[in-house]
Amino acid sequence: NWEIVNLDGQLHTEEVTQKVKYWSHFGGPTLERRFVFSKYIYSELGLMIAWGQQKLTIDQKIENPTNINWDASIAEFVDDNYNYVSSTKMTDNFIMAEPRLSLGWRITDWLSFKAEAAYVYSYSTSGWEGKNNGSEVTVDNAPDTSMDGLRLSFGPWFGF
């Protein structure tokens with residue numbers, strides 16, 4: 001709940017919801033070299049060079065917004081709603097390298113069973129940047145949110 005004071009001086013509360021969204025995406029080219037040991041067993045050595053972004057969005061809005069009165073001035077409407085309708089966005093751009101090694105068992109020409117290990121190294125190009133209600137703001141005391149880490153995967157692999 002958010003306590004607000006109207007232009008007429010009346011104190012009242014409004015129900016406000018906050019929605020937080022986080023997502024991370026990246027992509028880039030991969031170079032791979034395949035080593036064939038037999039008709040059915042192979043290994044791959046690869047490297048992906050990628051770029052990406054992490055994004056955190058916090059939206060806050062009133063549940064039951066005030067109706068707009070055409071006869072009222074825009075200042076009255078904005079003053080009544082501004083404090084509890086807001087959007088904060090933070091982004092972190094990065095580049096990354098992911099060396100990988102895999103071992104595969106070929107079942108058919110287009111189906112294999114593959115196990116892969118990779119390690120992601122990332123570097124933030126600009127650090128966290130922020131916008132609050134469209135205005136650029138600085139992001140102080142941002143934690144280290146690197147994408148570094150080990151990735152293990154196994155399962156069916158479709159391809160040729």
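## Surface patches, ring pairs and salt bridges

Phe35, Phe37, Tyr40, Ile41, Leu45, Leu101, Leu103, Trp105, Ile107, Phe113 and Phe154 make a nonpolar surface patch of about 1,200 Å². Two elements give two or more residues to this patch, namely strand 5 (41-62) and strand 6 (86-106). Strand 6 gives the most, with 3 residues. Leu45 is found in strand 5 and counts as partly exposed, at 47% relative accessibility. The model described here is predicted.

The surface also carries a patch of positive charge, where Lys19, Lys21, Lys61, Lys89 and Lys131 gather. Of these, Lys131 has its place in strand 7 (residues 111-132).

Aromatic pairs come next. A search of the whole structure finds 2 of them. In one, the ring centres of Trp110 and Phe158 are 6.2 Å apart and the planes stand at 15°, so this pair is stacked. It links distant parts of the chain: Trp110 is in the loop between strand 6 and strand 7, while Phe158 is in strand 9 (residues 149-158), 48 residues apart. Trp110 and Phe158 are both exposed. Tyr119 and Tyr121 form a tilted aromatic pair, with 4.8 Å from centre to centre and 55° between the planes. Tyr119 is partly exposed at 33% relative accessibility, and Tyr121 is partly exposed at 46%.

The count of salt bridges comes to 7. The table gives some of them.

| Salt bridge | N to O distance |
|---|---|
| Glu44 and Lys114 | 2.7 Å |
| Arg151 and Glu98 | 3.0 Å |
| Glu116 and Arg151 | 3.0 Å |

The salt bridge between Glu44 and Lys114 links strand 5, which holds Glu44, to strand 7, which holds Lys114, across 70 residues. Glu44 is buried, with a relative accessible area of 6%, and Lys114 is buried, with 5%.

Arg151 meets Glu98 in another salt bridge. Arg151 lies in strand 9 and Glu98 in strand 6, so the pair ties together parts that are 53 residues apart in sequence. Glu98 is buried at 3% relative accessible area, whereas Arg151 is partly exposed at 28%.

Arg151 also meets Glu116 in a salt bridge, and this pair links strand 9 with strand 7, where Glu116 sits, 35 residues apart. Glu116 counts as buried, at 11% relative accessibility. Through shared partners, salt bridges join Glu32, Glu98, Arg100, Glu116 and Arg151 into one network.

Definitions and conventions: Residues numbered from 1 in each chain as written. Predicted model: local features only at pLDDT ≥ 70, side-chain atom pairs only at ≥ 80, totals over all residues. Heavy atoms only, no water. Patch = residues over 30% accessible without salt bridge, like charges linked within 9 Å, V, L, I, M, F, W, Y side chains within 5 Å. Areas by Shrake-Rupley, 256 points an atom, 1.4 Å probe, with all protein chains shown as cover. Salt bridge = Lys/Arg side-chain N within 4 Å of Asp/Glu carboxyl O. Lys, Arg positive; Asp, Glu negative; His and termini not counted. Charge placed at Lys NZ, Arg CZ, Asp CG, Glu CD. Helix = DSSP H or I, 4+ residues; strand = E, 2+ residues; numbered from the N terminus. Buried < 20%, exposed > 50% of the residue type's maximum accessible area, 1.4 Å probe, protein only. Phe/Tyr/Trp six-rings, centres within 6.5 Å; stacked < 30°, edge-to-face > 60°.
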